Amino acid sequence: MSKLEPIHVIGGGLAGSEAAWQIAQAGVPVVLHEMRPVRGTDAHKTDGLAELVCSNSFRSDDAETNAVGLLHQEMRSLGSLIMAKGDANQVPAGGALAVDRDGFSAAVTAALEAHPLITIDRGEIAGLPPEDWSSVIVATGPLTSPALAQAILDLTGETSLAFFDAIAPIVYRESINMDVAWFQSRYDKVGPGGTGKDYINCPMTREQYEAFIDALIAGDKTEFKEWEANTPYFDGCLPIEVMAERGRETLRHGPMKPVGLTDPRNPDKKPYAIVQLRQDNALGTLFNMVGFQTKLKYGAQSAILRMIPGLENAEFARLGGIHRNTYLNSPKLLDPTLRLTAMPRLRFAGQITGCEGYVESAAVGLMTGRFAAAERLGRPIQPLPHTTALGALINHITGGHIETIDEGPRSFQPMNVNFGLFPPIDFTPKAEDGKRLRGPAKAVARKKALTDRARADLAAWLSGGALPQAAE
């Protein structure tokens with residue numbers, strides 16, 4: 001048996017299961033704590049580890065032109081248990097990786113139970129972990145127990161961890177029609193880190209605004225689950241359709257107010273309403289629709305948002321949504337290796353860090369496990385290249401996100417992996433005949449260039465041997 005002190009992992013979901021596996025494969029003992037079945041949750045149905053409670057799809061498996069498919073590939077190359085058992089329990093789903101949920105959970109559970117360096121402890125960790133646990137990974141997801149959530153709040157000084165995420169859509173900058181929209185801050189105000197031209201503005205006439213309000217009120221909306229009913233909205237943010245239902249002018253006097261802004265193409269005519277988008281990441285590739293949190297269903301949402309002038313051809317890195325969630329203000333609270341700066345013996349993994357999706361949660365668990373194992377073994381920890389899917393996701397969580405501009409609300413919100421998180425690549429895509437590619441062909445070529453760069457950079461990072469490699 002290993003003489004190393006064990007690392008404790010709290011939470012047996014996808015992130016915790018992957019973290020435990022990576023630690024054990026590096027030769028470090030680990031205790032995996034899962035409160036089910038001693039204490040159940042409102043969403044889980046079994047006591048199996050890595051239970052999929054919402055969906056059986058890991059989404060696209062295309063590693064050439066899809067960011068989540070690239071993430072799949074990177075995780076496989078780092079010995080991911082979640083990906084191995086997902087592949088082994090795959091069911092037909094076209095280009096997506098979908099799995100038999102029961103078979104997948106059973107396979108992950110069996111692998112973890114059989115590993116000689118993994119001990120599974122069934123029981124709730126109430127409050128902060130004991131002080132003599134020198135290395136802990138908290139991977140408790142969106143259903144973190146109330147006692148642990150309160151302990152984290154007390155430690156970090158944050159005001160809330162559990163709330164309804166009425167999240168706003170995020171648009172790819174390159175898909176915004178700048179022949180219609182323009183850059184300007186309200187009253188040309190230069191806020192912290194700003195220039196006075198920090199927002200993209202999309203103007204509306206009265207007729208366009210009235211049609212937009214009608215569509216919002218009529219659009220299909222997501223309903224709450226019974227167990228979510230008493231959870232408050234995040235930061236008091238109401239969905240735009242709820243505001244519209246309270247009065248047709250509510251949005252025009254709220255997030256769509258046209259004051260302090262001048263359309264440079266038509267300076268003598270004041271727009272009736274204006275939709276603003278604020279830079280959402282440090283790279284400037286993603287823009288968040290300010291005040292546009294929504295619970296419209298995705299189909300209705302896409303159609304209605306494209307009614308906004310300048311967004312008629314918008315491509316969305318994330319559509320808006322609403323659900324109960326638990327996550328940290330990670331750019332403020334976590335260091336680049338996902339340690340809590342207020343208590344470095346604690347690391348966080350999975351959805352509680354502010355990633356969204358099963359695959360992303362497992363990916364963050366993978367890297368958190370490797371970071372913790374390297375630290376325990378006294379090995380250097382080299383940062384992941386931000387050009388990789390893993391690196392881009394962790395960079396977003398730990399500091400690639402813009403906190404706020406001017407007096408805007410706290411903007412860090414859960415995010416799926418997407419190409420908008422990757423550093424831009426400077427290249428001119430051309431066809432075999434030497435002509436420049438345009439339209440969809442150009443977009444595909446750009447994505448292919450990003451994935452090619454990511455694979456090369458991950459291979460170079462792995463060849464450096466900075467982190468313990470998973471055992472064969």
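Q: Where does Lys430 sit in this predicted model?
A: Lys430 is in the loop between helix H11 (389-398) and helix H12 (439-463).

Q: Why is Lys430 called exposed?
A: Exposed takes over 50% relative accessible area. Lys430 comes in at 51%, so it counts as exposed.

Q: What makes Lys430, Arg436, Arg438 and Lys442 a patch of positive charge?
A: Lys and Arg count as positive, and like charges are joined within 9 Å, given over 30% relative accessible area and no salt bridge. Those four residues gather in such a patch on the surface.

Q: Why is His386 called partly exposed?
A: The label covers what lies between the buried cut-off, under 20%, and the exposed one, over 50%. His386 has a relative accessible area of 39%, so partly exposed it is.

Q: Where is His386, and what does His386 touch?
A: Look in the loop between helix H10 (358-377) and H11. Leaving out residues up to four places away in sequence, His386 touches Gly391, Ala392, Asn395, Phe422 and Pro423. Gly400 is 14 residues along the chain from His386, with 9.6 Å between their C-alpha atoms.

Q: How do you know whether Arg345 is buried or exposed?
A: Buried means under 20%. Arg345, in strand E17 (residues 343-348), has a relative accessible area of 18%, and therefore is buried.

Q: Which residues is Arg345 in contact with, beyond its neighbours within four places in sequence?
A: Pro129, Pro130, Glu131, Trp133, Ser134, Ser135 and Val136. Take Glu131: 214 residues from Arg345 in sequence, yet 9.2 Å apart in space, C-alpha to C-alpha.

Note on methods: Residues are numbered from 1 along each chain as its sequence is written. This is a predicted model: local features need pLDDT of at least 70, side-chain atom pairs count only at pLDDT 80 or more; totals for chains, interfaces and linings use all residues. Side-chain values use heavy atoms; hydrogens and water are left out. Helices (H or I, at least four residues) and strands (E, at least two) are DSSP runs, numbered from the N terminus. Buried means under 20% relative accessible area, exposed over 50%, partly exposed in between (1.4 Å probe, protein chains only). Contact means heavy atoms within 4.5 Å. Patches are made of residues with over 30% relative accessible area and no salt bridge: like charges are joined within 9 Å, nonpolar side chains (Val, Leu, Ile, Met, Phe, Trp, Tyr) within 5 Å. Accessible areas come from the Shrake-Rupley method with a 1.4 Å probe; for residues, only the protein chains shown count as cover. A salt bridge is a side-chain nitrogen of Lys or Arg within 4 Å of a carboxyl oxygen of Asp or Glu. The place of a charge is taken as NZ of Lys, CZ of Arg, CG of Asp or CD of Glu.
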